[in-house]
Amino acid sequence: MENNKVKDAKGNAVMSGKYLDPKADLTFKLVFGEHPDLVMSLLNALLPLDEDGQITSVEYMTPEMVPENPGKKDSVVDVRCIDEKGRQFIVEMQLYWNEFFQQRVLLNASKAVVRQLKKGEDYNLIQPVYCLNLVNDVGFESGPDEFYHDYAIVNVEHSDRIIEGLRFVFVELPKFKPKTIAERKMAVLWLRFLTEISGNTEDAPAELLENELTSKALSIVEKSAMSEAQLYAYEKFWMGITDEKGFLEARYNKGRAEGRAEGKKEANRENARKMKKLGMTADVISQVTGLPKEEIKDL
């Protein structure tokens, strides 16, 4: 197996270093889907929780509570858990932005609210749902340093008035710079773990190795800790990402080409209308614009 030949969505080798990329399905779930202390630290670091609202324990949600979606794209990786207060947390790793991303996040969060109640139960049993969305891409039209986006249900005229129940946080990883949130140590460390560790990493930053939690996460994503089956799954994940990215790029390019063609055709129609007003014949207009005579007559 030629591990160093596998490429990620950006064309980089994904297994040439000591570690595996923590943003892949396998590694992300090994780190945050099997170690409550790590996902709890990540959530407390990156979610807008009050001091008295910090998470002190979590349990992973069972498959019965989180039905598998066979149509889910490979580029979406998620971990779901619930804390001691009953609050639910959805942590997603999205490798690149697409036009339906926010709508899908909203749908998944809404389902998490709806599934909390059984028929006949009181609405006051509903607990808040928090969605932490880590995006390895740029999708928001905002400043180059604005990487953290916190959404709540707020009063339009009085934004300090919030309806509790749904909270969405989007983190654009490519925009992250440690200096922007230097006062939040764990947030910086976790974001550095996600942005600086890849399949090409030979030496992890000292700050990550010195911290107990991020050091533990690093040990989990070490290539030497993986079985052959896990390495194969890791490779397959990145090959799927490359295929999906190629498909989306092809669809985008096709849409652009069709848009340019339609724009050109509409420009020809407009020119044909002007030429008709000048009294030119359909034969002449057709030769100049390339439009069929029948279409010119209907303009």
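These legends describe close-up views of a predicted model.

**View 1. The whole chain, by its secondary structure.** The protein chain comes to 9 helices and 6 strands. These are DSSP runs numbered from the N terminus: helices are H or I with at least four residues, strands are E with at least two. Buried residues make up 41% of its 299 residues. Buried means under 20% relative accessible area, exposed over 50%, and partly exposed in between (1.4 Å probe, protein chains only).

**View 2. Confidence along the chain.** The mean pLDDT, the predictor's confidence in each residue from 0 to 100, is 83. Helix H6 (residues 212–220) has the highest confidence, at 97, and helix H7 (residues 228–277) the lowest, at a mean of 74. Over residues 64–75, pLDDT stays under 50.

**View 3. The surroundings of Asn136.** Asn136 is found in the loop between strand S4 (129–135) and strand S5 (148–154). Asn136 is buried, with a relative accessible area of 19%. Beyond four places in sequence, Asn136 touches Lys23, Met93, Gln94, Leu95, Leu173 and Pro174. Contact means heavy atoms within 4.5 Å.

**View 4. Phe193 in the largest nonpolar core.** A nonpolar core is a set of buried Ala, Val, Leu, Ile, Met, Phe, Trp, Tyr and Cys residues joined through side-chain atoms within 4.5 Å. The largest has 55 residues; Phe193 is one of those that touch the most other members. Among the contacts of Phe193 are Val31, Phe32 and Leu218. Apart from this core lies another, of 14 residues, including Trp97 and Val135.

**Notes.** Residues are numbered from 1 along each chain as its sequence is written, and side-chain values use heavy atoms, with hydrogens and water left out. In this predicted model, local features need pLDDT of at least 70 and side-chain atom pairs count only at pLDDT 80 or more, while totals for chains, interfaces and linings use all residues.
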